[in-house]
Amino acid sequence: MFDFGDNEPALPGAGSTPDEEVEDDDTVIMVDAWRTPRGRCGSCSSCRLWTKASGPFAHLHCGTCKCKTTAHEDLSSWLREVLEHSTPTVESLLVSKGIPLKAYTCWSPLETLFHLETDGAFSPLRDGRNPSKSPREEEASASLTFEKPLCSVICPTTAERHAFHPLLYHCFCQQSYQPRELVVIDTGPRPSSFLVERAKHDRAVVYRWFTDGRWTIGTKRNLACFLSRGELIAHFDDDDLYAPDYLAHMNQVILAAAGLGQQPPEADVGDGEAGGEGQSLLGDFKAATTLSSWHVFDTTERTFRFLHAVSDKWVYGWGFSFVFTREAWRRNFFPYRDIGEDFDFMMALRKLPGAWVLAVEDPGAICSHTYHPKLSISGGEKRRDGTHIPIGQEVQPPEPLARLLPLLFEADGRALRNLKGRPMPSEDVYSYSVSGSWNGWSSFEELHRNGTGRLFSATILMPSTPLDVEFQVFANRDYSMSYHPSATGLILGPWRCPGANWKVQVSKSRNAISVSWDPSGEKKLVVQAVARSSLGTKPTASASRTAPMRSGPALLQPSPSQPAPAKSKKEVPTLTCSEALDMQDALIGAYKTEDFQEKLRRIWSQTGGDRVLRYKLRQDLCLPIQGPIVARFGFEPSRLGVAQCVALFKSAAWCQDPTVVANNNLMHILCDIDAQMRSF
């Protein structure tokens, strides 16, 4: 096996020369005709390295001392140690290029391996950690300080992903688990300016950049593991979302399996006893864990889905949530390729005697994989059956992950611009409006910008009083781009999926609501009940009876001395789950027709990147189809009837029925050319 001194320079090998005698960088160890590396001559003692001779029978003699080739030191045992986890390509390079002599005299076998695997790009002296303590001493020291093993977060990346590095660093810094470090291996034409600066000022960041961008992901993962110092190693993808408790939860699974915490979940355990003894907390314990269920965020649709993996290919084929012990990697390197290296790593680990492999459920929105349809960075968790429906169920945005979305949106837009793509419009150019229960969610009330600032506001007269009012804020007059409050006060959105409403009570004396909306930064909303004349007199409000709302609903109680009965209005129809499915089937049949699809494609072609105009024309196209269908179920064949139907599909008890959700997803795809292109 390897000498896992890892990052420390190895002592010179047997028969090597002192440091002051080491040849320059161009001196290499060559292999003879039998592919045996040769060193010092044992006959003349003056030749310190075998070289190729020329002429007939050149392979029988050294080109320097003319002694027999077999008289020179056989370095095969050292080379076998170096090549234990190498690729065939490396072995073929030895014949033509040889190995630097300093690899034998100064480097560890692993340092030599990575120098060869990267075709000389990795230099142990320049790129290694060279710690004052050995990795084992570093691990033991961290364990004594924090009573937990050091966790190394590793991330392979490229120049095309530099826009996501602020998100990566933020997710790393907010982790509650200590101690931790971040190791990033980057390849491409230029370094990441962000991580270069972070590495200068944050000792927990280890950043290595190499100009050769042809390395496989497996090569980068192995080099990152080698440079890491932690007993625990966790994968982060630079474009994914990791909640603050992610590392703490995943690491605890392995610590519990090692007998350092609560009982672990059911696991696959190889033959033999798990665990081992060593200087550090985990010693020689071999274990790995990954999520068997997780969230997926679509950057174009701005929706979260939640999926449960069922097959081994799905459970172990997504490397973004891998966490494993250092010993698991030491005994089982990642294959040197770009696709499937994570799955094969886990499958090989399951076969190792004494190794634990655990798949755990997401306990509560600790991680979300990111799907970038326009960037082709991630293929996304999609299935390719006849319906082409994305895998998983659409869910409301989980708050721990939603807090990270502003950074993701910013990074996604920057990456698209760098790739000459067309990013999603910034919220700076959105228009804003509100819609609510006072009009059956059937129309929008515009919020007007106050001058050149970022504040939008409106005062809306209620049709009757007293009235319990519920509403949401919408971008670009689009019901699929709604903002709403979370349970803890954070404003979420814009989303296509349903969420909570802001609520306020209006009385006869204060018969309007005043809404002030600030979409910048963390977003703020203030709502209050005010008095307003139907003829448009200036509204008034009592300061003692208003409640500013930072980011959650404010409830204003009506005056008990001034009750006013609400005006009667037409009752909105309701649907059973069976009726809802019948309506969906009718709409799906209409949307599938070639005539509708041709008209939809023409709209997409004519509107280019103007999303507002595109969706307005789509509404005009859909209404003649939707009207007669919703009328069969008791709704008005109008925009109001369609809006009431949409609101019912968001709020009814059956709205999360799996078939209803699947049909909603299918209708969305049938009415969106972009979604069709991503699905097929």
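Predicted model: local features only at pLDDT ≥ 70, side-chain atom pairs only at ≥ 80, totals over all residues.

Biologist: How many helices and strands does the protein have?

Modeller: There are 21 helices and 26 strands. Both are DSSP runs numbered from the N terminus: helices are H or I with at least four residues, strands are E with at least two.

Biologist: What share of the residues in the protein is buried?

Modeller: Buried residues make up 54% of the 680. The label means under 20% relative accessible area; exposed means over 50%, and partly exposed is in between (1.4 Å probe, protein chains only).

Biologist: Then why is Lys66 called buried or exposed?

Modeller: Lys66 has 57% relative accessibility, so it counts as exposed. It sits in the loop between strand E2 (38–41) and strand E3 (72–74), and its phi is near 70°, a positive value in a residue other than glycine.

Biologist: And what class does Asp119 get?

Modeller: Asp119 comes out at 42%, which makes it partly exposed. Its phi is positive too, near 55°, and its place is the loop between helix H4 (109–117) and helix H5 (124–127).

Biologist: How about Arg305, buried or exposed?

Modeller: Buried, since its relative accessible area is 6%. Arg305 belongs to strand E13 (residues 303–308), and its C-alpha is 5.5 Å from that of His295, 10 residues away along the chain. Thr303, also in E13, is buried at 4%.

Biologist: Which residues does Thr303 touch?

Modeller: Leaving out residues up to four places away in sequence, Thr303 touches Val296, Phe297, Asp298, Glu394 and Arg496. Contact here means heavy atoms within 4.5 Å.

Biologist: How do you know that the span of H15 agrees with what it should be?

Modeller: The expected span is 1.5 Å times one less than the number of residues. For the 14 residues of H15 (residues 405–418) that gives 20 Å, and the end C-alpha atoms are 20 Å apart, so the two agree. Buried residues in H15 include Leu405, Leu408, Phe409 and Asp412.

Biologist: On to packing. Why are H16 and H18 called roughly antiparallel?

Modeller: Helix H16 (residues 577–591) and helix H18 (residues 611–631) pack at about 150°, with axes 10 Å apart. Those axes are lines fitted to C-alpha atoms, for helices over the stretch in contact, and the angles run from 0 to 180 degrees between N-to-C directions. Under 35 degrees counts as roughly parallel, over 145 as roughly antiparallel, 65 to 115 as roughly perpendicular, and the rest as oblique. H16 and H18 are therefore roughly antiparallel.

Biologist: Which residues meet there?

Modeller: Met583, Ala586, Leu587, Ala590 and Tyr591 in H16 meet Cys622, Ile625, Gln626, Ile629 and Val630 in H18. That contact has nine nonpolar residues, one polar and no charged. For the classes, Ala, Val, Leu, Ile, Met, Phe, Trp, Tyr, Cys and Pro are nonpolar, Asp, Glu, Lys and Arg are charged, and the others, Gly among them, are polar.

Biologist: How do you know that H18 and H19 are roughly perpendicular?

Modeller: H18 and helix H19 (residues 639–651) pack at about 80°, with their axes 9 Å apart. The pair is therefore roughly perpendicular. On the H18 side Gln619, Asp620, Leu623, Gln626 and Val630 meet Arg639, Val642 and Cys645 of H19, a contact of four nonpolar, two polar and two charged residues.

Biologist: Last one: what is omega for the cis bond from Gln178 to Pro179?

Modeller: Omega there is near 0°, and Pro179 is in the loop between helix H7 (165–173) and strand E6 (180–187). Thr465 and Pro466 are joined by a cis peptide bond as well, with omega about -10°.

Definitions and conventions
Residues numbered from 1 in each chain as written. Heavy atoms only, no water.
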